[in-house]
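Biologist: Please take a close look at one part of this model, the links between its side chains. Go through them in order and say where the partners sit.

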Amino acid sequence: MGLICRFCTLAVICLACLFSAAPLLAEYGDNAGPYPMDTGIHGGSRLDPDAYPAPNPYLAGWATDVIDYARNGTDVTFGDPSDTLGQPGGTEDVFSLGDGGWIVLGFAQAIRDISGYDFVVWENGFFQAGTEGPEMLFAELMFVEVSTNGTDFARFPSDSRIPAAVGGFGSIDPTYVHNLAGKHPNGNDGRDEGTPFDLADLSDHPLVLSGAVNLDDINYVKLIDVVGDGSTVDASGNAIYDPYPTPFASGGADLDAVGILQASLPPDAPSLASPADGASGVMLTPDLVSGAFADPDDGDTHSKSRWQIAESDDFVSPVFDALSPVNLVSLPVPVFILDAATTYSWRVRHIDSHGNPSDWSDVFSFTTGERDMADDNDNGVPDDQESGPIADLDQDGCDDAIQDDFKVVALAENGGQTGITAPAEGGVERVQAIYGDDLPAIPNEKDQLLGQVAFCLSVAAGATVETVAYFSPCVTGQTLCWYMYDSVSGWTDFSDHSSIEHLADNRVRIRLTLTDGGVGDSDGAANGVIVDSSGIILLDSDASDSSAPTDTDSDVGGGCFIRSMVIQ
């Protein structure tokens, strides 16, 4: 707003110019132009929220960075560029551009082309005091441009049908203006309306068609003051008029804020059910259970949930951080995440089908009980799964049982064994196998799961490491595939991160590439601990596509252990 109310010396001039605009008002100021004025979006005020309406609930974020700017006019000094960041600040918490000045703002959250309007621009235009009849707006307009890369900017196709100049303190009928920021009141009477923009209006822009501007990845918005003397034109070449000249400190458009709209509201914060707050003696692989999904938007569905467990209620260093599209309201905690006799905090947030996350739930705490399987010698292998007095699965000439960097568990079937080596920079802390028939079905039910092992490695936080697994006895001359399984995502083909070699004596060696907090780590946190539960699947040798598990009824032979091993 080139005119700010505190510049009292201009009041008399303003009033005189307002009356001089009366003939123009009678000519076209009927508020019945082709572009309705009821499209403004409420932004509230970060400085005086009690005096303004509540912000539109679909506002998801605000400009976060001033990338560059250029004021035009030596007298233009009002405001600081940082006044344009965040929620609107009100009439005087703005940055004046001057006639033809400009500013580029950046966003931590990209603007996307959703259904309807996508973002909103606030300038501090206001309705002229004393105006009767149709509402005439003191509005200093801005061109709006958007960019993905910060270099290529696509300008919104503007339309201005204001018939003649309005003078430095004149008014316009906002229903005769389209795709120019500033056509809504944000400067008086508790009005806090911003002008919304729809990225779909740029779908035919050459920069969009070439791919230089991606309407689903807008990271920059440029606002350029319209010089209101008619020297600048709209997309059709028509002269644009707004208050001109504005030779004072607040000259030109006064930018207040730019906000991002979202397609839907986030879900409600979930409630927590189990483990109950303060529960004790909780098993080491409990089921985390939340309340049902609830969302204020009709038709939104529950797409994912993010579950966290930590030893402190600030969750700065979680021991478990899982984003699951499978376990939405109940998630079994994988093996080796939790320690015995330890108090933990946990929470969850729900995510809807538009990708909007809820607020975090309340925080509950629980204390675990003792381990179910004894390890009296504290070697990281359950006592009843020790490999025996003589075993050399890695064929290094050393008894596996006495190696610190290699842990082996005995299999229940056929006297077999499974071993895990420590990575070059790290250690193998624990290995465990539990036998049973309650594993979820493998990707193709007639394929054979030959064995599965859970293990825990200590590594540098965030590190990518290689470890080696051994299985014996196993299959020779058959196609094998390494799969990871956990309760977060189910079965995952690990072929791209593993290699399988057949060795002598029906042994198999598997080289695995794992990343702390990434591929192969069930705890989901870059915390210096990799937790993995993996196994070999025998593929159908007659399958037309040997890259994926297929059906087979054949005998695997070779003394292979066919019974599933359930890891807990």
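**Side-chain links**

Modeller: There are 0 disulfides in the structure, a disulfide being a pair of cysteine sulfur atoms within 2.5 Å. This is a predicted model, in which local features need pLDDT of at least 70 and side-chain atom pairs count only at pLDDT 80 or more, while totals for chains, interfaces and linings use all residues. Residues are numbered from 1 along each chain as its sequence is written, and side-chain values use heavy atoms, with hydrogens and water left out.

Cys 456 counts as buried because its relative accessibility is 8%; buried means under 20% relative accessible area, exposed over 50%, and partly exposed in between (1.4 Å probe, protein chains only). Cys 481 is also buried, at 4%.

The structure does hold 9 salt bridges, each a side-chain nitrogen of Lys or Arg within 4 Å of a carboxyl oxygen of Asp or Glu. One of them joins Asp 93 to Arg 46, at 2.2 Å from N to O. The two partners are 47 residues apart and link distant parts of the chain: Asp 93 is in the loop between strand E3 (65-70) and strand E4 (95-96), and Arg 46 in the loop between strand E1 (41-42) and strand E2 (59-62). Strands (E, at least two residues) and helices (H or I, at least four) are DSSP runs, numbered from the N terminus. Asp 93 is buried, with a relative accessible area of 14%, whereas Arg 46 is partly exposed at 32%.

Another salt bridge lies between Asp 321 and Arg 306, at 2.8 Å from N to O. Here the partners are in strands, Asp 321 in E22 (residues 320-324) and Arg 306 in E21 (residues 302-310), 15 residues apart. Asp 321 counts as buried because its relative accessibility is 17%; Arg 306, at 29%, is partly exposed.

The bridge partner of Arg 306 in E24 is Arg 349. E24 pairs with E25 as well, in the antiparallel sense over 4 bridges, and Tyr 344 has Phe 366 as its bridge partner in E25. E24 is mostly covered, with 9 of its 10 residues buried.

A further salt bridge is formed by Arg 371 and Asp 339, whose closest N and O atoms are 3.6 Å apart. Arg 371 lies in the loop between strand E25 (364-368) and strand E26 (406-410), and Asp 339 in the loop between strand E23 (330-332) and strand E24 (343-352), so the pair ties together parts that are 32 residues apart in sequence. Arg 371 is partly exposed at 34%, and Asp 339 is partly exposed at 36%.

Salt bridges also link Glu 466, Glu 501, Arg 509 and Arg 511 in a network.

As for the setting, the chain has 3 helices and 37 strands. Of its 568 residues, 53% are buried. Among contacts (heavy atoms within 4.5 Å) between residues at least 6 apart in sequence, 72% join residues at least 24 apart. The chain exposes about 23200 Å², of which carbon and sulfur atoms supply 48%; accessible areas come from the Shrake-Rupley method with a 1.4 Å probe, and for residues only the protein chains shown count as cover.

Key. Pairing = 2+ DSSP bridges.
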